[in-house]
Amino acid sequence: MGLLTPHPEERRWIARARKGDPEAIAALYQHYADGVYRYLLYRVGDAELAEDLTADVFLKMIEDLPRYEERGLPFGAWLFRIARARLIDHWRRQGRRPLVALEDTETGPQLSQDIPEDEIAVSEMIQRALRVLTEEQREVVVLRFLVGMSLEEVARAMGKSVGAVKALQHRALSALARYLEKIR
Amino acid sequence: MDPKRDALEIEILERCLRRLEQGADLETLLREVPEAVPLRPLLETALWLRRGQEVALSPAARRRLIRQGQLRAARRAAAPRASRPVFRWAWALVAVLGLILVLLSAVGAAEASLVLLSAVGAAEASLPGEPLYPVKRAVEGLVTLGMSPEERALYLAERRWSEFEASAARGRWLPDLAEESLARLEEAARLGAEGPAGPAARLRALYERQGVLLEEAAAVAPPDVRSALARARQRWAGLAPVLGRPEGGIPEPTRSVETPVLPEPTAEILRERIHTPPGLEKQETPSAPRTPPGQEKTPPGQEKKETPRPVRTPPGQEKKDTPGPPRGQDSAPPGDQGPKGSPGR
């Protein structure tokens with residue numbers, strides 16, 4: 001399920017969550033938590049950190065919920081904005097660029113530093129592969145193929161034209177295919 | 001590179017990706033769209049990437065997140081009720097300041113009085129450790145001069161707890177403030193602020209606010225202050241009889257939630273989360289998640305979300321369960337790929 005796919009009951013959940021209804025809050029979490037977590041996981045490459053950031057995103061959602069108004073912006077898109085802002089804030093605090101050069105990551109993803117390569121799970125292999133991409137290519141790949149957004153949703157999220165995202169997507173898949181061919 | 005050819009290839013790629021998203025089979029697609037054959041490695045890569053969508057929060061992490069959110073929402077709901085009465089004393093503060101101003105003006109110290117006014121205003125928002133905090137406490141002493149002992153105790157309990165909340169929101173957990181607030185609350189309750197009118201409601205509201213945040217503190221406060229906060233929570237629970245509540249009574253918003261109290265995320269638990277094989281996680285889930293409001297049954301696809309976070313696959317199982325990256329023309333379709341090794345091989 002994509003991050004931006006609304007649930008039919010979503011409006012009711014939001015109205016009830018605004019009043020602090022714990023079950024409505026749980027429902028919003030159940031529906032959106034995995035999408036937000038996946039986005040953050042593949043952007044930071046660390047499961048523990050992604051989980052912490054996901055918690056932050058949802059706590060911010062609780063804080064800002066009274067101010068949320070659906071004016072053409074779906075709840076998922078609003079939540080995604082929070083996630084993206086939180087991610088940028090995290091990078092800013094860390095004082096480092098989001099893009100990690102491949103040669104700087106010989107140890108691989110954080111969860112698997114000591115794990116033999118033949119035991120690395122798909123998600124970890126993907127995290128490793130994503131590091132060959134530029135920042136923009138990585139964002140496109142994560143949103144389109146790992147979070148599950150449509151091309152149009154990706155373009156809207158990144159503030160780019162659909163054509164620009166298509167081109168980025170093509171270059172990113174080409175780079176990943178070359179990388180995978182090389183390491184095979 | 002030919003820009004026109006590139007543009008055409010980009011369009012073909014997008015068309016094929018959409019077909020794959022709709023469930024088309026890659027081999028069939030390539031037979032139907034022969035011009036996409038050179039794009040096979042890219043399409044296989046896209047299919048391989050989609051396997052990353054299987055990653056989800058572990059059931060335990062999901063419960064913990066939900067619990068945190070519910071606690072935060074409960075705190076938000078409780079805070080405005082409790083803070084309102086504090087403003088009743090704002091007039092007293094203004095009156096005292098006015099009196100001081102008049103006196104200072106009378107002796108020709110207009111400038112000094114303005115400085116004083118600014119300092120007192122700024123001090124109101126200060127927290128322990130900040131330069132103006134002593135000013136805040138001094139003014140507080142003046143404001144409470146005319147209050148009855150039980151009103152004073154309750155007023156100070158609320159003030160200290162507001163400071164504790166404000167500090168916690170900035171990531172500073174100050175157990176001393178919690179203890180002071182609890183001591184004042186107990187004092188207020190014992191002095192008889194339990195009458196049917198306002199004070200009783202304020203006492204209960206403050207008690208609920210304290211419970212919510214102290215419970216959250218157990219999960220999120222840094223280890224160095226956690227034991228002090230745990231003692232504060234014990235003290236809080238011990239106050240329940242004084243306030244006529246069941247011991248350790250938890251604020252209402254959390255009562256109907258099927259989220260058991262979770263253990264601290266110890267290194268052992270973290271290791272377990274990382275090393276549990278994907279197929280085994282579901283067995284650990286004690287029960288199905290509670291049905292959300294207005295939802296008769298679990299939404300489609302929700303069952304899948306109970307799959308674990310990225311985990312290490314144990315030797316032996318990996319080759320069967322974990323597909324490798326696309327292998328180009330000679331490889332099997334991604335869904336069938338069971339690479340004998342990882343990309344690193």
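Leu143(A) sits in helix α6 of chain A. Helices here are DSSP runs of H or I with at least four residues, strands are runs of E with at least two, and both are numbered from the N terminus. This is a predicted model, in which local features need pLDDT of at least 70, side-chain atom pairs count only at pLDDT 80 or more, and totals for chains, interfaces and linings use all residues. Residues are numbered from 1 along each chain as its sequence is written, while chains are lettered from A and ligands numbered from 1 in the order in which they are written.

### Leu143(A) and its surroundings

Is Leu143(A) buried or exposed? Leu143(A) counts as buried, because it has 28 C-beta neighbours inside 10 Å. A residue is buried if 20 or more other C-beta atoms lie within 10 Å of its own, exposed if 12 or fewer, and partly exposed in between, with C-beta atoms placed from the backbone. Setting aside neighbours within four places in sequence, Leu143(A) contacts Met149(A), Val154(A) and Ala157(A). Two residues are in contact if their C-beta atoms, placed from the backbone, lie within 7 Å.

Just after α7(A) comes Gly159(A), with a positive phi of about 70°.

### Chain A as a whole

Chain A has 8 helices and 0 strands. Of its 184 residues, 51% count as buried. Among contacts in chain A between residues at least 6 apart in sequence, 63% join residues at least 24 apart.

How confident is the predictor? The average pLDDT of chain A is 82, and 83% of the residues score at least 70. pLDDT is the predictor's confidence in each residue, from 0 to 100. Residues 99-120 of chain A stay under 50, and the model has 38 contacts beyond four places in sequence for them. Where pLDDT is low, the predicted coordinates should not be read in detail.

### Chain B as a whole

Chain B has 14 helices and 0 strands. Of its 345 residues, 32% count as buried. Residues 24 or more positions apart account for 63% of the contacts in chain B with a separation of 6 or more.

Val225(B) gives a local view. Val225(B) lies in helix α11 (residues 223-238) of chain B. Val225(B) is partly exposed, because 17 other C-beta atoms lie within 10 Å. Leaving out residues up to four places away in sequence, Val225(B) touches Trp173(B) and Pro175(B). The C-alpha atoms of Val225(B) and Leu174(B), 51 residues apart along the chain, are separated by 7.8 Å.

### Helix pairs

Axes are lines fitted to C-alpha atoms, for helices over the stretch in contact, and angles run from 0 to 180 degrees between N-to-C directions.

| Helix pair | Angle | Axes |
|---|---|---|
| α2(A) and α3(A) | roughly 135° | within 8 Å |
| α1(B) and α3(B) | about 40° | 11 Å apart |
| α8(A) and α1(B) | about 85° | 10 Å apart |

Angles under 35 degrees count as roughly parallel, over 145 as roughly antiparallel, 65 to 115 as roughly perpendicular and the rest as oblique.

What is the arrangement of α8(A) and α1(B)? Their angle is about 85°, so α8(A) and α1(B) are roughly perpendicular to each other. Lys166(A), Ala167(A) and His170(A) of α8(A) meet Glu9(B), Ile10(B), Leu13(B) and Glu14(B) of α1(B). By class, this contact has 3 nonpolar, 1 polar and 3 charged residues. Ala, Val, Leu, Ile, Met, Phe, Trp, Tyr, Cys and Pro count as nonpolar, Asp, Glu, Lys and Arg as charged, and the others, Gly among them, as polar.

Leu13(B) also belongs to the contact inside chain B. There, Leu13(B), Cys16(B), Leu17(B) and Leu20(B) in α1(B) meet Leu42(B), Leu43(B), Ala46(B) and Leu47(B) in α3(B). The residues of this contact divide into 8 nonpolar, no polar and no charged.
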